[in-house]
Amino acid sequence: MTGHAVVIAGGGPTGLMLVGELALAGVDVAIVERRASQELAGTRAGGLHARTIEVLDQRGIADRFLSEGQVGQVAGFAQIPLDISDFPTRHPYGLGLWQNHIERILAEWVTELGVPIQYGCELTGFAQDDTGVDVELADGRSLRAEYLVGCDGGRSVVRKAAGIDFPGWDPTTSSLIAEVEMAEEPELGIRRDARGMHALGRVEYEIREGEVVYANRGPVRVMVTEEHVGATAEPSLRDLSEALIAVDGTDYGIHSPTWISRFTDMTRQAAAYRDRRALLAGDAAHVHSPAGGQGLNIGVQDAVNLGWKLAQVVNGTSPDDLLDTYHAERHPVAARVLPNTMAQVALLRTDDRTNALRDVVSELLRMDEPRRRFAAMMSGLDIHYDLGDGHPLLGRRMPDLDLVTATGPLRVFTLLHDARPVLLNLGEPGAFDIKPWADRVQLIDATYNGVWELPALGAVTAPTAVLIRPDGYVAWVGDGSQLGLADALTTWFGPPAAA
Ligand SMILES: Cc1cc2nc3c(=O)[nH]c(=O)nc-3n(C[C@H](O)[C@H](O)[C@H](O)COP(=O)(O)OP(=O)(O)OC[C@H]3O[C@@H](n4cnc5c(N)ncnc54)[C@H](O)[C@@H]3O)c2cc1C
């Protein structure tokens, strides 16, 4: 039996991000992926929201994604556009980039970090005891690990084997999604009718001046709402043809599908993200309608919240109960996303009363305050972990400020590239002494003279120091004194080292 500190089941976006985070912290991690390669049947998610781009920027890899995708104002609520171009972030936009490319780029990063992705390797079950987890694989092998993380998608074997409940709501809509060739030229774009929402677009596109401009040729991505919910058989080209004819009166001569799939608005969330040595992240922990394009984004951010905590626990820096803060912080995030997707699905209905309601909501979302609040929510920039009362920065994302240090200019996010915490002293140089944590926490003296502004909240009082966790969230804020700093360092980065 092969042993590792951590085994991750599933090499989708969540599992790949998590393995990268653990590798940066020097953890012995193995990742098993059922697929034969990273090749994805279908494109699935269409891109990244601003906070996910920031999170990738914190690791120094955002440019890899930005250079391959289309930057634009992609945030919206039930297709009502939400502009974030005035938001105080280095990335006041979203990125259009299909999931197969997102996965490929993440997998390249993981490979650079030296972790082999074990393809064609399926987890079939596991058993845990007081000291570890025995993971069973379909090929008859087994792995031993201190912790197992199920990043194995909505039908998670890890979640089921752990006996974790998955309460929620059954689907009310079902859609076919496919990539096909068309003999006739279809009218491209999104439309809604009595049956629901439908979309036709070429896989290749550009965003020019805020508008999606499709390529003139090439495969078409079809999304069409089905008449009934509950089909269980794999969808066929014939199903797709019939659904298109029912909606548009023609199937545009569809042929040569590269993939056909089905998705619904089933909405469920794991009751617990942790059962002792087994943890859940991404779709394994939450599924919902793709409305608003949030699933991949919150999965990647689950991974960034969990990675450094799990690393500290297996490295012996922090006690095991640090892992309970993963559920405490991330369960509320998805618990907020689920109802927002349900509200969007409801608003996308096309009966007269829903259309009237949609007009009301559109009018509201054109007003500045509601626009800023909803845009911050949909782009993930307003996430606030409950770390107690205090300065508005506490529990919120650290902005990527342009600092000045004794050795020159420095961006805050550069300090997070290695996923190590930072105590940023913006007051008197040399005012802090954190020797007992010096092996874990970087201490940086710097100045910053600009305004401190948070998305949706606006300007906040400038702090004299901030303790930044590896995931980019603020764990302590200084206001001239060091009150509470030692406690925060101990809570988040373990007890002080003996002198
Ligand atoms: C049509 C559609 C559009 C979407 N659009 C968006 C969007 O615009 N933005 C957005 O953020 N999200 C979107 N999503 C959601 C997004 O695709 C998912 O939230 C995302 O893929 C979740 O990533 P994950 O890694 O958690 O799970 P998955 O991507 O499901 O990855 C799980 C991985 O685990 C592997 N696996 C499963 N079982 C096992 C096992 N037993 N052993 C080993 N490996 C296993 C699977 O092969 C897979 O690679 C969309 C989804 C759909 C269907």
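In this predicted model, a polar backbone atom of L296 sits 2.7 Å from an oxygen atom of the ligand. G295 also contributes its backbone, with an N or O atom 3.2 Å from a ligand oxygen. E33 uses its side chain instead: one of the N or O atoms there is 2.6 Å from an oxygen atom of the ligand. The ligand on its own would expose 990 Å², and the protein buries 89% of that area.

Two elements give two or more residues each to the shell around the ligand, namely α1, spanning 13–24, and α7, spanning 295–314. Of the elements, α7 gives the most, with 3 residues. The shell as a whole holds 30 residues, and T14, E33, Q99, D283 and L296 are the closest to the ligand. By residue class, the shell consists of 11 nonpolar, 12 polar and 7 charged residues.

The next topic is backbone geometry. Most residues other than glycine have a negative phi. A78 is not a glycine, yet its phi is positive, at about 55°. This residue belongs to the loop that links β5 (76–77) to β6 (80–81). Is A78 buried or exposed? Its relative accessible area is 1%, which is under the 20% limit, so A78 counts as buried.

Y252 likewise has a positive phi of about 55° without being a glycine. The loop that holds Y252 runs between α6 (237–248) and β19 (254–264). Y252 has a relative accessibility of 10%, and because the limit for a buried residue is under 20%, Y252 is also classed as buried.

The last topic is the protein surface. Which residues make up the nonpolar surface patch? They are L357, V360, L364 and M367, and the patch covers about 350 Å². V360 is part of helix α9, which comprises residues 352–366. The relative accessible area of V360 is 47%; this value lies between the 20% and 50% limits, so V360 is partly exposed. A residue needs over 30% relative accessible area to join a patch, and V360, at 47%, is therefore above that cut-off.

Key. Residues are numbered from 1 along each chain as its sequence is written. This is a predicted model: local features need pLDDT of at least 70, side-chain atom pairs count only at pLDDT 80 or more; totals for chains, interfaces and linings use all residues. Side-chain values use heavy atoms; hydrogens and water are left out. A residue is near a molecule or strand if one of its heavy atoms lies within 4 Å of it. A polar contact is a pair of N or O atoms within 3.5 Å; within protein, one must be able to donate a hydrogen and the other to accept it, and residues adjacent in sequence count only if both atoms are side-chain atoms. Accessible areas come from the Shrake-Rupley method with a 1.4 Å probe; for residues, only the protein chains shown count as cover. Helices (H or I, at least four residues) and strands (E, at least two) are DSSP runs, numbered from the N terminus. Ala, Val, Leu, Ile, Met, Phe, Trp, Tyr, Cys and Pro count as nonpolar, Asp, Glu, Lys and Arg as charged, and the others, Gly among them, as polar. Patches are made of residues with over 30% relative accessible area and no salt bridge: like charges are joined within 9 Å, nonpolar side chains (Val, Leu, Ile, Met, Phe, Trp, Tyr) within 5 Å. A salt bridge is a side-chain nitrogen of Lys or Arg within 4 Å of a carboxyl oxygen of Asp or Glu. Buried means under 20% relative accessible area, exposed over 50%, partly exposed in between (1.4 Å probe, protein chains only).
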